[in-house]
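Dear colleague,

I am handing over a structure that I have been going through, and I would be glad if you could look at it alongside the notes that follow.

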Amino acid sequence: MTTRRFVQVDVFADRPGAGNPLAVVLDADGLDDSTMQAIARWTRLPETTFVFPATSDDESYRIRMFSPRREVPFAGHPSVGTAHVVLEAGLATPRDGLLVQDGIAGKLPLEVVGEGVTRTIAVRTPRASVIETASADDPRLRDVLAAMPLGALPPVLMDGGRRWWLAELASEADLRAATPNWNAIGALAEATGSMGLCAFARSSDPVHHLAVRAFVGSTGHFEDAASGAANATLAAWLADRDALPGSDGRYRISQGREVGHDAIIELHVDGNGDVWSGGRVQTVVRGTIDWR
């Protein structure tokens, strides 16, 4: 087989163009690692996922995720977007409201709520932990945070499958006006084995509780339009400090406006301390890919 179903979606979006794009290749049996990497490099999207049939009764499907440069063990927006595509293609049916994807990060449940254009999907993310807390004058952080007025919580390095430095800024206005020092962020990412800096601020907006900007310095220098995994590590940090916004462990974040997007991600920290990261998904392209 050389022709396979191919779908592009916009994740964490209430309309096309608002969220984070994703390519999904269905019917991926027969593709080897080098071919999947070549396709991901060709799409030039943040991630491309490949869907394989389930091999046991306790999973809905298997998944592989690739950025243009490497395979990714876990990421939030590819998980949520792929689940949406699998449902639309009729490849799996939720059991008790849940799908289960099997990948490098293990078997992760995804909660499916509603139908059609208002449906939301949330993935239970891998447990995140605190690696270290730091101060703004830490030599590794000094240049990164020099022009960013900080909020109450200290900077922290978290690991939730991917490592992120998190920093609370004093206000949403400070966050949205921030200009990243890309050389410093790249050096920080390299020195600490992290993705870069995820900065956040509390908001009085009626729609979202937090505003977030994720500056990636590890795989090129760019601002992520909407990162489910980065926000999941942030949720774990806020829960650790008893500093969650919203109510009942549920809140919404705004991300991507500074790079031409307008994503809303819904976070939930449940009674077991697990973090669920999700939102709505829009299908933009349906077709086939012919890769020989």
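Asp-248 sits in the loop between α6 and β15, and its phi is positive, at about 55°, although the residue is not a glycine. Please keep in mind while reading that this is a predicted model. Most residues other than glycine have a negative phi, which is the reason for listing such places here. Asp-248 has a relative accessible area of 70% and therefore counts as exposed, the cut-off for that class being over 50%.

A second residue of this kind is Asp-27, a non-glycine whose phi is positive and near 55°. Asp-27 belongs to the loop between β2 (20-25) and α1 (33-43), and because its relative accessible area is 27%, Asp-27 is classed as partly exposed. A positive phi also occurs at Gly-193, which follows just after α5 and has a value of about 60°.

Helix α5 itself covers residues 182-192, and its buried residues are Ala-184, Ile-185, Gly-186, Leu-188, Ala-189 and Thr-192. An α-helix has 3.6 residues a turn, so residues three or four places apart point the same way. The elements against which the buried residues of α5 pack are α3 (142-145) together with the strands β10 (156-159), β11 (163-168), β12 (196-202) and β13 (210-216).

Which residues are in contact with Leu-99, once its neighbours within four places in sequence are left aside? The list consists of Ser-60, Tyr-61, Ala-83, Leu-87, Ala-92, Thr-93, Pro-94, Leu-108, Pro-109, Leu-110 and Val-112.

Another residue that I followed up is Arg-257, which is found in the loop between β15 (250-255) and β16 (263-269). Its relative accessibility is 41%, so Arg-257 counts as partly exposed. If residues up to four places away in sequence are not counted, Arg-257 touches Arg-176, His-208 and Asp-262. Arg-257 and Ala-225 are separated by 32 residues in sequence, while their C-alpha atoms are 7.8 Å apart in space.

Finally, some values for the chain as a whole. The protein chain contains six helices and 18 strands, and its C-alpha atoms fill a box of roughly 55 × 40 × 30 Å along the principal axes. The radius of gyration is 18 Å, which agrees with the value near 19 Å that a compact globule of 292 residues would have. Of those 292 residues, 53% count as buried, and among contacts between residues at least 6 apart in sequence, 63% join residues that are at least 24 apart. The accessible surface comes to about 12300 Å², with 47% of it belonging to carbon and sulfur atoms. As for charge, the protein chain carries 28 positive and 37 negative side chains, and the centres of these two sets lie 4 Å apart.

With kind regards

Methods
Residues are numbered from 1 along each chain as its sequence is written. This is a predicted model: local features need pLDDT of at least 70, side-chain atom pairs count only at pLDDT 80 or more; totals for chains, interfaces and linings use all residues. Side-chain values use heavy atoms; hydrogens and water are left out. Contact means heavy atoms within 4.5 Å. Helices (H or I, at least four residues) and strands (E, at least two) are DSSP runs, numbered from the N terminus. The radius of gyration is taken over C-alpha atoms; the globule rule is 2.2 Å times the number of residues to the power 0.38. Buried means under 20% relative accessible area, exposed over 50%, partly exposed in between (1.4 Å probe, protein chains only). Accessible areas come from the Shrake-Rupley method with a 1.4 Å probe; for residues, only the protein chains shown count as cover. Lys and Arg count as positive and Asp and Glu as negative; His and the chain ends are not counted. The place of a charge is taken as NZ of Lys, CZ of Arg, CG of Asp or CD of Glu.
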